[in-house]
Amino acid sequence: MIYKIAIIGYVILYTGIVLAIRSLILYRNTGINPFKKMGDTGIKGFNEKIMILGATLIPVIAIIYMIGGSLYEYLVPIKYLEINGLKQFGIVIMLIGCVIGIIAQFQMGDSWRIGIDEKERTELITNKLYRYSRNPIYLGLLISLMGFFFIAPNALSLCCLVLSYPSVEIKIRLEEEYLIQKHGEKFQEYMEKVNRWI
């Protein structure tokens with residue numbers, strides 16, 4: 001039962017706090033909608049579709065995991081990973097990832113966006129968690145997704161985990177191009193001092 005609570009808690013935490021509440025706070029402070037469309041075509045459009053698919057599948061997996069029984073068998077559980085110790089480890093790293101992501105997101109303040117708007121110029125954040133990683137939000141997301149997989153090891157959660165890394169890497173590189181255009185030398189100096197991940 002604790003694993004089911006952890007999985008649903010994760011979905012509520014990410015969709016409720018990380019997306020909904022944080023978006024409302026930003027909108028109230030600035031009048032800006034943080035959801036920016038990356039594009040309809042090319043690598044930007046393709047990557048956006050992959051990220052939306054992943055964001056949709058995680059709650060679906062969580063609901064099916066909660067229901068359990070024969071319905072969960074359709075997700076093709078990886079039986080040899082169904083170990084209590086691994087699931088407990090999954091809860092720990094899922095929480096760590098969530099905490100890192102949420103703290104980093106709030107530390108971005110009004111500069112936080114989902115996607116890129118070429119017309120906007122946001123403040124470059126380089127302090128707090130951003131002194132140690134250029135992408136602590138994405139780092140927290142990947143860690144939490146790994147935890148999610150350990151709690152509910154199945155073919156679909158594995159696909160989400162495996163696809164999330166290259167998708168996030170592409171998104172980061174697109175954001176870096178944008179930040180170089182907007183902040184120039186200041187961002188390039190930051191890139192030299194702080195690693196992309198850790």
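In this predicted model, helix α2 (residues 42-67) packs against helix α5 (residues 136-151) at an angle of about 25 degrees, and their axes lie 12 Å apart. Helices are DSSP runs (H or I, at least four residues), numbered from the N terminus. Axes are lines fitted to C-alpha atoms over the stretch in contact, and angles between N-to-C directions run from 0 to 180 degrees. α2 and α5 are therefore roughly parallel to each other (angles under 35 degrees count as roughly parallel, over 145 as roughly antiparallel, 65 to 115 as roughly perpendicular and the rest as oblique). Their crossing is left-handed: the near helix is turned anticlockwise from the far one by less than a right angle. From α2, the contact takes I58, I61, A62 and Y65; from α5, it takes L145, F148 and I151. Contact means heavy atoms within 4.5 Å. Seven of these residues are nonpolar, with no polar and no charged ones. Ala, Val, Leu, Ile, Met, Phe, Trp, Tyr, Cys and Pro count as nonpolar, Asp, Glu, Lys and Arg as charged, and the others, Gly among them, as polar.

Residues are numbered from 1 along each chain as its sequence is written. Local features need pLDDT of at least 70, side-chain atom pairs count only at pLDDT 80 or more, totals for chains, interfaces and linings use all residues, and side-chain values use heavy atoms, without hydrogens and water.

A second pair is formed by helix α1 (residues 2-30) and helix α4 (residues 84-107). These pack at an angle of about 10 degrees, with axes 11 Å apart. α1 and α4 are therefore roughly parallel to each other. The α1 side of the contact includes I2, Y3, A6 and R22, and the α4 side includes N84, K87, M94 and C98. By class, the contact has 15 nonpolar, five polar and two charged residues.

The whole structure holds zero disulfides (a disulfide is a pair of cysteine sulfur atoms within 2.5 Å). The closest cysteine sulfur to that of C98 is in C160, 15 Å away, too far for a bond. C98 is buried, at 2% relative accessibility. C160 is in no disulfide either, and its nearest cysteine sulfur, that of C159, is 7.1 Å away. C160 is buried too, at 8%. Buried means under 20% relative accessible area, exposed over 50%, and partly exposed in between (1.4 Å probe, protein chains only).

Two loop residues have positive phi. V76 has phi near 55 degrees, although it is not glycine, and sits in the loop between α3 (69-73) and α4. K128 also has phi near 55 degrees. K128 lies in the loop between α4 and α5 and is partly exposed, with a relative accessible area of 49%.
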